[in-house]
Structures are given as C-alpha cells and as structure tokens.
Amino acid sequence: MSKKLLFVPLVAFLALAAVFTTQLVRNSEGDDPTKLESVLIGKSVPEFRLEDLAEPGKLYDQAIFKGEPLLLNVWATWCPTCYAEHQYLNTLAGEGVKIIGLNYKDQRDKAVGWLNDLGNPYLISLFDGNGMLGLDLGVYGAPETFLIDADGVIRYRHVGDVNPRNWKEKLEPMYQQLVAEAK
Amino acid sequence: MKKWFIALFAAMTFSMAAQATIEVYEFENLQQEQQFKELGNTLRCPKCQNNTIADSNAELAQDLRHKVYEMTKQGKSKDEIVDYMIARYGNFVTYNPPFTVATSILWLGPLAVVVLGFGIIVMRSRKTKKIATDEKWDQDKEQRLKALLDEENNGDKQ
Amino acid sequence: MIAELGHFALIISLAMAVLLSILPLVGASKNNTALMNSARPLSWAMFLLLAFSFCILLWAFYTNDFTVSYVANNSNTQLPWYYRLTAVWGAHEGSLLLWVLIQAGWTVAVATFSRGMPQESVARVLAVMGLISVGFLLFIILTSNPFLRTLPFFPVDGRDLNPLLQDPGLIIHPPMLYMGYVGFSVAFSFAIASLMTGRLDTAWARWSRPWTTAAWLFLTLGIALGSWWAYYELGWGGWWFWDPVENASFMPWLAGTALMHSLAVTEKRGTFKAWTVLLAISAFSLSLLGTFLVRSGILVSVHAFASDPSRGMFILGFLVFVIGGSLLLFAVKGAAVRVRGNFDLVSRENALLTNNILLMAALVVVLVGTLLPLVHKQIGLGSVSIGAPFFDMLFAWLMIPFSFVLGIGPLIRWKRDNLSSLAKPMAVSAVISIVLAGLFNWIFSDYFVFMTYLGWLMAMWIVVLHCFELYERATHRHSFFTGVRKLQRSHWAMMFGHIGLAVSIIGIAMVQTHSIERDVRLAPGDNFQLEEYNFYFSALRDKDGPNYDGYIADFEITLDGKYINTLHAEKRFYRTARSMMTEAAIDRSLTRDLYVAMGDRLDDNKSWAIRIYYKPFVNWIWAGSIIMSLGGAIAISDRRYRFRKNANKQEA
C-alpha cells in the first residue's frame, strides 16, 4: 500500500466538509432545505374542470390559461401568509399583471367573504375544494404562485408569498419575458 | 374477520407531526389492502417531509392517502401509483430512490467497498504466500508444524 | 445570581480545559514530569466545575426559574418534578451541556483508571480529551449558552417540555447515547496520542479495548432505547425509520463495532494497527458528524434541534479542526505505524477483516443514503428521497455474508487454517440450521415469506456454530462441565455479543414481514377479532393528569375465550403545549405484542378510530441488543483489564 493511500480519508473528509460549507452558506442566505422544486416546469397545465368560486355551476377548464401569460396564485383563508401577500397581489393586479386565483381546500363562503373584504386581484377565481387540481399541480402548501405562458405551459413555480422584493428580483423579469414571447 | 364500513376521515386537530392519523378504509381483498399499506409506507409527505403519508397528519397526506386508496381500488399497480405521484411531486415523494447516474453511487459505493476490500485481502495473501514459498519448506517441516499446532491448539484459538 | 454562577463555572472550566490541552502535551514532549502530572488534577478541576454548572441548571429547572430563557422555553410549573429535571437535556443548549459534562466525566475516568500506563501516554491522552472539551465549551459559551436570562421581562410560566419527551424512555435515551458517543473519544485520544509519538505497541490496543467496549455498550443501549421508545410512544408501531438523525447514531455504532473487533486483533496479533487507528479516528469523527447533522439545520429531520446556520458553521469549523487534523496526522504518521501482517487467506485475521469490510460497506450505505439527497439537490439535480425501502434492502443483502462469516469466525484458527478442517462442522451446522430454521419459521408464521426464513436461517447458523465452538473449546482438554467453568470471560462476552445479534435478527425478520395492522371503528361495547385474539372495548373513561386532559379506552383481550389482559389506551391533550398525544397500550409477551392506540372520536360522537396491531417477536429486537450489551459488560469485567490489582499482586 503506497503512502499516498493514507491521504484518501483526509481528502474524502475535506470534500464532505466543502459540501457542508456550501449548504450552510446557502442556508444562511435564506435557502430553505424544505423547498421542493416543481416537476411540472415545461408541461402544460393539467386538465381540470372546476367551478367558479362565487358562482357554483359556472365551470372552467384548462383552456383559460391559453392566450396570454398568467400568474396562478394558490391561496386559502386558513393560510396566514396568503393574508400577508394579498395586498401586494392587489397592487400587482392594479398594475396590469394578470392573475388567476385557485382557492385551495377552503370553504366557499369564507373565501368569497375574504375577497369581498380584502379586494379581488383575480381575473378568474377557481374553487378547488378537495385539492385535486392542487395535487395535479404538485402543490404542497399555500401560498404558491405559478407562472404560465401564453400557450398554457407552466414555466415556473414560486413557493411562499409574493412580495415586492422577490417580484422585482425574480418574478417580474420572468413575467415580462413571457409577455414579450407572446407578442 | 369482520369487515367494517368506511368511516369518515377522523380529523386531527392540534396534532404533533409524529402522531399517526388513524382512519378507516375498506378493501375488496387482502392484496389491495397490503398494496395500500405498502404505498403508505413508501410515499413521503411533501408537507411535513419527515413522515410517510401513512404517518403524517397533514391534510396533504390525507389527500394523497385518499388518492392512493382510490387508485388501488381501481386496480392500479404499485408502480403505476408511484409513477403518478412522481409525475406531480418529483422523486422526492418516494422513499425508494430511482436508479440514475447520480444515484447509482448508493449501490455502487458499498459494492466498491466490498470488492476493493476483498481484493486487498486476496492480494495480500498472495504476496505473503509468495514470500513463504520462497523459503525452504518441505513435507517434513509441514508435518512437524502441524503436530506442534495441534498440541498448542487451545491457546492459539483464543 | 445563581444562573450567573453556573455561567461563570463554565468559563473557568473552559480555562481548565485549555490548560489541560496544552500543559501535559508540552510536558510530554519536553519530558517535564511536573507538567505531565498536571493532567490529572486539571481533568478533575474541569469536571468538577462542569458538574457544578450542570447542577445549577438542574436547580434552575427544579425551582422554575423562568428568568433563564432555556428554562422558560422548556419547562412549566405544572410539569412533574422529575420531568422538570430531565428537561435539562430536552433541547439544544442543555443537551450540549450534558454532552460536555459526560466528556469531562470520561476524562476523569481515564485519569483515574490509568495507573498502569506510562505517564507520557496518560499526559497525551488526557490532553487530547481536554482539547475536545475546549471545542465544545467554546461552542456552548459563544453560541449556545443555557444560562442566558430573559430579563428584564420574564414569563410567568414556561412553554412546557415537548410532550413527546415527557416519558421515562426518553429520560435515559440521550444520556446513554452521549455516553457512547463521548466514550469513543477515549479510543480516539489514545489513537491520536500514539500517532503523535509514532509508536503503537500492542499495549496501546490493550488499554484502548475496555474503554471502546464500554462506549460501544452504552451506544448499543442508547440506540435500542430510542428504538423501543419510538415503538411504544409514537403510536405507529414502527421501531426504526432511517431518519437522518437515527442514521447519525447508527454510523458510529457500525464503526465502533468494527473498531472493537479490530482492536482485538491488534492486541492479540499485533497486526491491523493502521486500520485500527483509522477506525478509532472514524468512530469518534462519526459521533461528531452526528452532532453536526442534528444541530446545524442542514438536514430535514424529525429529531433535529432547531438551529441556525451560524451554529452549524461553528460545529463545522470544529469538525474540520478535529477530524481534518486527526486524518492529516494519520496520513503523515500512519506509515510509521503500519505492520505487514503475515497470515493466510483462510485465517481468523481475514475472517475479522472480512466482517470489518462488510461493516464498512454498511457504513457507506448509511452515509451515502443520508447525505446524497443533500448533494443531489446542491448540484442542481433536484430532490430525491432515500428511506426505508432502500436501506432495508441493502442491509438485508449485507447481513447474509456477514452472518455467514460471523458463524464460522470463532472456529477459524489464527494465522493459518484450511477450509477442509472447517468443512465438516460447516456442513453439519448447515443441515441443522436449515432444519431448525424451517421448523421455527413454520411454527411461528401463518404463511411462508422467504426473507423471514432467511432471517431464521442466519440466526440459527450463528447459534448452532457458536454452540459447537463452545463444546469444542470446553472439551478440548477437560470434560464438558469442567471445561465450561474454565472458559474465560472474554469468550463468554463473544458468545453473548454474537448470539444477541442472532436474537435481534429473528426479531427483525419476524416483525418486518408478519405484523398485522388494522384501523377500525369501535364504540364502547364493540368487539374486534384479530387472528385468534378478541378485543372487547369495555369502557371509555376520563382521566386528567398534572398538565393534560385525557381519555382512557379499556380493552379486554381474550384468546379463544381465555382472558389475557385489559389494555388502557390513552389520549392526552397537553394544555400548555396545545398538542394531542396518543399513549398506546401494549400487551407484551415473548412471541408477540398486542398493541392498541386511540385515534380520534368519530363524528357520531360515540365511536373512535382505533388502531390494533399484532407484532410478532418484536421484543426480540431489543432483547438482542440487551444481550449484546451484556456481552460488552462481561468483556470489560475480564481479569486481564484489572491493571491495578495485577500490579499490586506483583508488588506483593
């Protein structure tokens, strides 16, 4: 056995330490190890038939996502972070950003009341009471926001609230790009 | 064994992540029930992340359990159901990792240890064998050695 | 005021540890007796100050001093006094203090029981142990101080101890584990001290052995306790989840087992020195790695203490210093220590080495399986989960050759043996094992599962061969009963250790494949039939505790009409923590557990969701670990390790 072999354990350990350091640095910069990436990026919005939130009986399907780039915001009244992001969504809607709302595993009357009280930034509000569209979208918590292009293909999934900072840094540039593509 | 009717889901409030939800499902045969149980222990809850969907109290886990139940009753196989979940939640959702180039080290790593280790053992013994045969050794010495060893057997075996 | 005393004692203890890590080392290299002699008193000073500090924290908990943040976060006036005391190690800061106290405890133990060792070695070993304490004490004082105050405003009552921790099993689980983790630092220090001098005679192995065995023993018990606790407390009937933190405790155990056996070879035959040194470094390094994984927030896990990345950075720095430093020392000085062993392909050395390799393969399985998700995500390949299906399969495969070699190992001679002399005992044992395994499997299982039969087969193989070896050894020069009485304790230790493993294998094989679990809807007055057992829901009562409100469901169990037991399953709502806990009720016996857990009240307001389990042979898993630990205890009590006695005898 050559002498160099004795250095193998040390080298292996230092490689491991490098992996840990990288992860710790990322964690301290706000990286969340529990965040999951979406496997639906590049795929079309799954097929669905859901009712309008305020008007039961009025049905929509995945065709509503075709035609122009849209945000799909998954929210619920039992979700405190959704409450926090709601005002900013109103602001964005006011600026012309097109958002469709997906009310996820919630109670209809509470949801409608909430939108009446806090303002409604959504072009269309879908009611996903049993969460099955959420399951097809790979939703694992609220709020989540999807960026969907003009062809109805999912291009990005954002976990957590939408706020001025992440809108400016990440989401707006992407949205603008989708708008430019659509032209 | 008596069969019980399907019960409505028991909603757990104020629950700790580690406490299992106990719901009642009905199946047509033992095989379906076993498949359901196996899947419950293979699929991971994307919300709590530290439990299988069988052990998690999260509503999402409940939804996933219900979906697995539905698909099992429809006669779908274990693989089909796992693939369905992976198509929506990614490989994260199953505790059974896929075999890809990146994950191959899971199996190749220990294999390499075993192969390398045995390789060293065999090579070492060949080297010492070579050294031994270089010296003068013959039947006579071998017999004397054997006799000696047998005599000292007990102490040596420790 | 009192908490500040505790804080102060910590700082002085750190000073002692710093002196301990420097002075004796300087003394050893300069051959200065006075400096070398300072090691023992400094160790005692460090330990006593830490013990004092720990007692202060105990006192703060006992007297409900909520001006101390740690107490406020983990205790409550309604918490019973015994849980108030054990809450000390219920979270990050206090458990670290326990760790460093145990570290100091092992240091004084080495200081006390090392009279037979040369002064130079003792000085070096204690200095290295002191250095480890320095790292932990710095970590505590700088980032995880349990004595911080909540003043000027302090809560009237505390947040209460996590209800999951309000349990006797969980009181002793952490201390046992830490005794094990920290205990490996002794073998580590011995190895480092020897590398420093470049001299590794077999005496080093002989001194290290009892310490390593003791640490291994505690770790075995600690892990078994955790597993047993999870089984009866968490309500899902499982006993091992391959959670990253469980894996973090299992890895040092695997390395420690390999180390124990490798030390045996080094002591008896003088070979494997470099390998043993590497294992000694690895076992403790893995303990430290476990600490890092649990407390840095880097892995998603059930057990992980809530932590921030800055704490993680500190521990990582400590890890790089200790592990990196020791591996560097090994790389540079290891060659001086290597001995070219001279043994045949078929020899006990190689049998032990084979199982060492298999243990290392198992270690790699656990290590890669635990860390790959992290790396996989980091390099941008997305998330992947690795859990029970993977680990169970790999361990099953590795166990097969492992059990095979374990069975024949004690029969193989040192240095050289040939397969022909082993062929007959192996063949006969194979036949007996196949038959016995088939018999037991048939008696105790309703239907045939190959893996279960394989488990029985592996266990029988080990037991039969060990009995054969016992007979051979005992009857070599005497009649059987005389011979048995003359057998050394180390031989009994080996038998207990290996047969303990066989017992655990049977438990695992049976419970993994033949458990039955039913979730049913039952109201008081209902019956449920599981296999031959009938469960009668006789009553539902109110039962409140000091800090919880609860219900008890009584179940009468009969077997074919004959009464067996009444189980009391509980549901508790802990008021302060606002959490719901299920206390399962278990009827234990040698061949099976019957397990009842309450779910929720169902919407007709009368019936409850009840989970009923049938768990065959599950207690054999922990019985096996106790038997293994007993083996360890017997090994330590062997007369060969009583240095002082022998030394005195010689002088007399």
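Predicted model: local features only at pLDDT ≥ 70, side-chain atom pairs only at ≥ 80, totals over all residues.
**Exercise 1. The chain A–chain B contact**

Task: Find how many residues chain B and chain A each bring to their contact, and which helices of chain B take part.

Solution: 
- Step 1. Count each side. Chain B brings twelve residues, and chain A brings eleven residues.
- Step 2. Look for helices on the chain B side. Helix H2 (59-73) and helix H3 (78-89) of chain B each supply at least two residues there.
- Step 3. Find the top contributor. H2(B) gives the most to the side of chain B that touches chain A, with four residues.
- Step 4. Sort this side of chain B by class. Five residues are nonpolar, two are polar and five are charged.

**Exercise 2. Two helices of chain C**

Task: Describe how helix H3 (residues 39-62) and helix H7 (residues 119-143) of chain C cross.

Two packed helices are described by the angle between their axes and the distance between the axes.

Solution: 
- Step 1. Take the distance and the angle. The axes of H3(C) and H7(C) come within 10 Å and cross at roughly 25 degrees.
- Step 2. Classify the angle. Angles under 35 degrees count as roughly parallel, so H3(C) is roughly parallel to H7(C).
- Step 3. The crossing of H3(C) and H7(C) is left-handed.
- Step 4. List the residues. H3(C) contributes Ala39(C), Ser43(C) and Met46(C). H7(C) contributes Val122(C), Ala123(C), Leu126(C), Ala127(C), Gly130(C) and Ser133(C).
- Step 5. Sort them. The contact of H3(C) with H7(C) has six nonpolar, three polar and no charged residues.

**Exercise 3. The sheet of chain A**

Task: Work out the strand order of the open seven-stranded sheet in chain A, and name its edge strands.

Solution: 
- Step 1. Read the order. It runs E2-E1-E5-E4-E3-E6-E7, with mixed pairing.
- Step 2. Go to the edges. Strand E2 (59-61) and strand E7 (154-159) of chain A each pair on one side only.
- Step 3. Examine one pair. Strand E1 (residues 49-52) of chain A and E2(A) are antiparallel, with three bridges.
- Step 4. Locate a facing pair. Glu51(A) stands opposite Leu59(A) in E2(A).

**Exercise 4. The domains of chain C**

Task: State the bounds of the domains of chain C, then describe their contact.

Solution: 
- Step 1. The domain assignment gives domain 1 (1-161) and domain 2 (516-620) of chain C.
- Step 2. Take the separation. The C-alpha centres of domain 1 and domain 2 of chain C lie 43 Å apart.
- Step 3. Count the contact. Six residues of domain 1 of chain C touch five residues of domain 2 of chain C.
- Step 4. Sort the domain 1 side. Two of its residues are nonpolar, two polar and two charged.

Notes
Residues numbered from 1 in each chain as written. Chains lettered and ligands numbered in written order. Contact = placed C-beta atoms within 7 Å. Nonpolar A, V, L, I, M, F, W, Y, C, P; charged D, E, K, R; others polar. Axes fitted to C-alpha atoms, helices over the stretch in contact; angles between N-to-C directions. Parallel < 35°, antiparallel > 145°, perpendicular 65-115°, else oblique. Left-handed = near helix turned anticlockwise from the far one by under 90°. Pairing = 2+ DSSP bridges. Domains from an automatic or database assignment.
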